[in-house]
Amino acid sequence: MYYKIGVDVGGTNTDAVLVSHTNEILAKTKQTTTLDVSSGIRNAINVVISEVDVPKEDIKYIMLGTTHCTNALVERKELNSIGAIRIGLPASVSIPTMADFPDDLKILLGEHNYMVHGGYEFDGRLISSLNEEEVKKYLFAMKGEVESLAITGIFSKTLPDQELQVADWAKEILGSDVRTSCSHQLGGLGLLERENAAILNAALQKVASKMVDAFKNTVHELGLSSQLFIGQNDGTLMSLEQVQDYPVLTISSGPTNSIRGAGALSKVENGIVIDVGGTTSDGGVLVNFFPRESTQAAQIGGVLTNFRMPDVVAVGIGGGTIVRFANNQCILGPDSVGYQLKEKALAFGGDTPTLSDFFIANDELKIEGAEEPSTLRKAMEKNTGYTFQEALTVVKNEIQLAIEKLVDKLKTDSKEIPVIACGGGAFLLPKEINGASSVIFPEHLEVANAFGACIAQIGCEEEMVINTLQNDENSALEQLLERVKKELLKNGALEDSINILAKESIPLAYLPGAVKLKVKVCGDLIR
Amino acid sequence: MRKIGTKDIEYIAMGSTVLGTGGGGDPYIGKLLVKQAINTYGEASLVNAEDLEDDALIVPIAAFGAPMILVEKLFSGNEFMKAFEMMEEYLGKKIDAVMPAEAGGLNGVIPFAVAAEKNIPIVDADGMGRAFPRLEMVTFTLHNIPVSPIAQADEKGNRNIYHTIDNVWGETLVGATTIQMGGSCAIGCYPMSGKQVKKAAVHGIVTYAQKLGEAILDSKDKNLSPLTSLIKEASAIKLFTGKISKVTIKTEGRWNKGICEIMGLDENQGNFMDLDFQNEFLMAKKDGRPMAITPDLIVLIDAENAQPITAESVQYGTRVVVLGMKADVQWRTPEGIALGGPQKFGYKEKFIPIEELNKN
C-alpha cells in the first residue's frame, strides 16, 4: 500500500489531491497560488496530508504540474543568456537564428549565435561533415558568456549524431555547468520552429533548476521523502533531472493534466474535455486517454515553435466572466474579474455582474460569503434592467451557443461524442450540448488537473524522414519503434505496460519515395 | 518604379498566399529570407512591365522543391545568386531584371532577395497570376517561350544548365535532379526579352498581391471588415460560407490530393460544397454543381481572420468563406485551358468561366 500526491499550480489556484495506489481520491484541496509559488504548494500538500491519516513514509510519489516555465517566457523573467549553434552550412544561411523573435527577447538572450558546417539531407546523406576546429572556435568565443547552449542540426530528427557530438564538445569546453538543448529532443520537422524550441528551452534551464530546487525543498520541509516528478505537456512525467534538461516540455502541461484527469475521473477514453476556469473555458480532445496534439505551429512568448502541445481551444467563458447588456444584446466577456471575484462580483458587494452571480442567484452555485439568492436577484435586476428570469435565459443561451461552437471546433468529424466537464467553473456548462452524445460531470471534477498530474505515465516519441528507395519502410518503422521502446525502458517504464500510441508513416508531397515516420509509446512508471 | 521594403514584403507575402489558391508553398520562409536580404542589401525596386526596354534581358527566378524540405533545409540564399550568375554567364549577357515565375505562394516573394542583393529591378509581373504545380504551367508556354536554358543550383554549389526539347521536359528533368540535390534548389528559367514579358506575362501581379495583403492585414485598423475589403480588392465572387465538415487527403506521386467538404452556414444553410485539391484548389462544387473551375482561382478563407488557408492545413470545424477569382485572360483561351484547365488535372468537367457559373 502506498499513496501519491498530485499538485497543479495554476495562475489562480494551486490544487492538490492525495490518492491511493489504485488512484482513489482520499483528499483534495484548492489553495490560492502564492507569489513565491512554493508556499502555495506547501499549503496545498499540507492540507491533503493532514486530512487523511496516512504515514508520511507511505507517500511514495509526488507529481507536480506547473505553469512556471510558461510564465517565465511570457513575462521574460529570469531567462538565461544563451548560445546557439546551428549545424547546416552551407544550407540555411539565408535566415539567421532568431530571425522572427520579438526584439526584447532577442536582446535578453544575447548575441552568441553561430552557424557551422554540417547537417543531413532528407535521405541521410551528409550536407557537410562537422568541422571540429570550426565548432570549437565558436565554443571558445562563448566560454564564460553563456549559461546554456541550443544546438540545432538540419534533419537531426533523422540523424541526431552531429548535434550530440557538438554537445560533447560543448561540455568539454564550456564545462558541465552549461546545459545543452539538442533540438532533436524537442521539436518536429521544420528547422526554424525546432531551433526556436531549443533556444526557448535553453533560456529556461536556470528557471527550471530553481523551480526543481524549490519543489525539492518544499517537500523536504514537509518531512516527506517521496520521489518527485514533474508533468510534461503530453501527459507523461519527467524526472527532476529531465526537467532541467527539457523545461520547455512542461509548457501547456496544465491543460494536458485537466484533459487526462477528466478522462480518468469519468472513465471515458475518447471525448471532449472542457475545463472551465475563472476567465476561459479550455476545450481539448481526449484520444485514448491522451490529449490530441495540435498540428499547427504554436506561438510561445511571441516565438513560433513546433514542439508537441495539446490542441486546446479557449473561449471567454469562465466563473468571473463579465456580463454586459447593451442595445438589446447580451455580451459575455471576453474579459473577466479573474481572481478578484470576491471583490468585484455583485454577489460579494461589488458592482460587476459576472457569470457566477447568475448561478448564485439561481441557487445553482454556493460560494461562502455570497449574498442570499433572493437579495442578489434584486441587485441584478437593478443592474441589468431586465427581470432576473429574462436575463438568466439570455445568459444561458449565450453560454450554450459559445460552448456548442467550441465543441464543434474541436470535433474532427460530425459524430456525436461525450463532453466531460471539469474545473472550478464547471457549473456553468449546459447539461445538454448539441453535437455531444452526453455531458458528464464526474465527481472531483474541480481537481481534475491535480488528479491528471498524479496519474501520468511516462512516454517517448520520435519522428524521422526516410527514403524508401533505399530503406524498407516497414523495417525502418519497426526499428524506430524498438529504439523508442528502449528509451522508454531506460526512463523506467515497466515493460509489460508499454502501450503504442502512434505508429504512422506519411508520404511526402513532391518527393517520391520519401516517407515521414512517427512513433509514440507510453508506459506505467509504477504500480 | 517604386521601392519595396520589409513592410511591403509582409503584405506581398500575405497576398501571395491568397494567389497560392491553397498551394505554392508557405511564403513564411520566403518572407523571412527576403526581409533578411533587404535588411542587408537595401530595398528592392519594383518596375512595371510596360516600362521595360524591349531588348532588356529578364529572367524569372524561383525556388524549386518539396514544401517539407524547404522548411527543414533552409536556403543558403547563395543558390539563387548562383543560378542567376550561371544564366548570365551562359547567355553572355547581363540580366536587367528578375521577376517571379509564380506569384502564388513562396515564389511570389523569393525573387525580391535576388533583386535586393544584385541591385537590379524586379518586374511587377509573373507567369501564372496564381500558383500551379508544374514548371511548364505558365503563360510563357502559351507564347512559345522556351523554359530553357534552365540554370539550376543547390546550396552546396552543384550546378546544371538544361536544354530541354520542350517545357514539359524542363519540369521532368529538373524535378528528377532536385531530388538528388536533397529535395530543393534554385532555378533561373524562361530567359526572355522585355518585349516578350510585355506580351506574355501577367502584369501588375505583385502590386495586386500587395493590395490583397493590405486588405487582409490593415482593414481592422480602419474599422473595415477584412473579408469585405478582400472581396472588393480582388473583385472576387463569394461562392460559399460554411464550416469544414470533412477532409480527405492522400499523397499520390508528387501531389497531395484531396477533398475538403464544407457544410453551409448563413445564406448557404442546407447546402454543401466540395473543394477538390491537388496541392492547389482546382474545383469547387456546390451540391454537385461546379461553381469555380481551374484555371480560375479558388481561395479558401478563414472566416475569423480573413486569412487564406492552405490545402495542407484544412481542418474540420474551421469556419470558412470560399472565394472565386477570375484567372488572367491568357488562361481563358483554348490554349490556356488546355494547359491549366480541368483536363490537365484529370477532370471530365469542361472549363466554364466563374462569372457564367455564378450568373443568377
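**A chat about chains A and B**

Reader: What does UniProt list for residues 7-162 of chain B?
Author: The unreviewed UniProt entry lists them as "domain: S-Me-THD N-terminal". Keep in mind that this is a predicted model.

Reader: OK. How much helix and strand is in residues 7-162 of chain B?
Author: That stretch is 38% helix and 19% strand. Its end C-alpha atoms are 36 Å apart.

Reader: And which domains does the assignment give for chain B?
Author: Domain 1 covers 2-205, and domain 2 covers 235-357. Their C-alpha centres lie 26 Å apart.

Reader: How many residues are in contact there?
Author: Domain 1 of chain B puts in 17 residues, and domain 2 of chain B puts in 20. On the domain 1 side, helix H1 (6-19) and helix H6 (139-142) each supply at least two residues.

Reader: Which gives the most to that side?
Author: H6(B) does, with three residues.

Reader: What classes of residue are on that side of domain 1?
Author: Seven are nonpolar, eight are polar and two are charged.

Reader: Switching to chain A. How many helices and strands?
Author: Chain A has 14 helices and 23 strands.

Reader: What does its radius of gyration say?
Author: Chain A has 527 residues, so a compact globule would come out near 24 Å. The model of chain A has 25 Å, which agrees. Along its principal axes, the C-alpha trace spans about 80 × 55 × 45 Å.

Reader: What share of chain A is buried?
Author: Of its 527 residues, 52% count as buried. Look at contacts too: among those in chain A with a separation of 6 or more, 67% are between residues 24 or more positions apart.

Reader: Which domains does chain A get?
Author: Domain 1 is in two pieces, 3-72 and 210-268. Then come domain 2 (78-208), domain 3 (269-447) and domain 4 (457-523).

Reader: How far apart are the centres of domain 2 and domain 4 of chain A?
Author: Their C-alpha centres lie 25 Å apart. Seven residues of domain 2 of chain A are in contact with seven of domain 4. On the domain 2 side, three are nonpolar, two are polar and two are charged.

Reader: Now helix H12 of chain A. What span should it have?
Author: H12 holds 23 residues, 388-410, so at 1.5 Å a residue the helix should span 33 Å. The end C-alpha atoms are 33 Å apart, which agrees.

Reader: Which residues of H12(A) are buried?
Author: Ala391(A), Val395(A), Ile399(A), Ile403(A), Leu406(A), Val407(A) and Leu410(A).

Reader: Why would residues three or four places apart point the same way?
Author: An α-helix has 3.6 residues a turn, so such residues point the same way.

Reader: What about helix H2 of chain A, which residues are buried there?
Author: In H2 (residues 68-75), His68(A), Cys69(A), Thr70(A), Ala72(A) and Leu73(A) are buried. They pack against strand E4 (59-66), helix H6 (191-221) and strand E14 (298-300) of chain A.

Reader: What follows H2(A)?
Author: Arg76(A) does, and its phi is positive, near 60 degrees.

How values were computed:
Residues numbered from 1 in each chain as written. Chains lettered and ligands numbered in written order. Predicted model: local features only at pLDDT ≥ 70, side-chain atom pairs only at ≥ 80, totals over all residues. UniProt positions renumbered as here; feature names shortened; annotations may be inferred. Helix = DSSP H or I, 4+ residues; strand = E, 2+ residues; numbered from the N terminus. Rg over C-alpha atoms; globule rule 2.2 N^0.38 Å. Buried ≥ 20, exposed ≤ 12 C-beta atoms within 10 Å, placed from the backbone. Contact = placed C-beta atoms within 7 Å. Expected span 1.5 Å × (residues − 1). Domains from an automatic or database assignment. Nonpolar A, V, L, I, M, F, W, Y, C, P; charged D, E, K, R; others polar.
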